[in-house]
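Hi everyone, thanks for coming. Let me put the structure up on the screen, and then we can walk through it together.

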Amino acid sequence: MSLLQSAVSAPSTVRSSPSLSCAAAHPVVASYSVSSTSNSFLLRSSSLKTVTSVSSSKNNKRRGAVGKVRSSLETAGATVGQVTEVTKDTFWPIVNAAGDKTVVLDMYTQWCGPCKVIAPKYQELSEKYLDVVFLKLDCNQENKPLAKELGIRVVPTFKILKHNKIVKEVTGAKFDDLVAAIETVRSS
């Protein structure tokens, strides 16, 4: 069996932890699609959000295929080193893809003055802590179900997650409290 055939064997089923809420608690079925050119194959997992590029290499001393895997976090839509805007539909897939990384969510509204004041400082934090995923959620009508699920009471509110669970919360534009909370969660 070739490397490609073993990588694309029958779809597997992955079940999420029962402690997760929302769509993350439902079973996810992984399916793969394969596309190829003369020298390479591209494996896509639509459910698990991973992309693997496998290419045949004549210069490779070991015969066979050489693979390059983009992280599931990148394919889910988040970029380390910057703040990623999320919606009710994209939040949980990105949090799940973050794995063991700390995730910080800025819950804000367009009309909130303190939200606008802290936004540039939040961006600076995303550039400083490259091992943390920084997200922001506009708590508008469209995203109201997620905001309600996460227990929003005031804006801005910062939720800090680790292993798909909220472990810290900072309410208000309290920059020093936010930095201290991030440091605490990162070191745990």
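Let's start at P156, which sits in the loop between α5, residues 144-149, and β10, residues 157-162. What is the peptide bond from V155 to P156, cis or trans? In this model, which is a predicted one, that bond is cis, with omega near -5°. To put that in context, most peptide bonds are trans, and most residues other than glycine have a negative phi.

Keep that second point in mind as we move along the chain. H163 is not a glycine, yet its phi is positive, about 55°. How accessible is H163? Its relative accessibility is 47%, so H163 counts as partly exposed. N164 belongs to the loop between β10 and β11 too, and N164 also has a positive phi, near 70°, without being a glycine.

Now please look at helix α3, residues 91-98. Six of its eight residues are buried, so the helix is largely enclosed by the rest of the structure. Which ones are they? The buried residues are F91, W92, I94, V95, A97 and A98.

Finally, let's zoom out. The protein chain has six helices and eleven strands. Of its 188 residues, 32% are buried. The chain exposes about 11,000 Å², and carbon and sulfur atoms supply 52% of that area.

Conventions:
Residues are numbered from 1 along each chain as its sequence is written. This is a predicted model: local features need pLDDT of at least 70, side-chain atom pairs count only at pLDDT 80 or more; totals for chains, interfaces and linings use all residues. Side-chain values use heavy atoms; hydrogens and water are left out. Helices (H or I, at least four residues) and strands (E, at least two) are DSSP runs, numbered from the N terminus. Buried means under 20% relative accessible area, exposed over 50%, partly exposed in between (1.4 Å probe, protein chains only). Accessible areas come from the Shrake-Rupley method with a 1.4 Å probe; for residues, only the protein chains shown count as cover.
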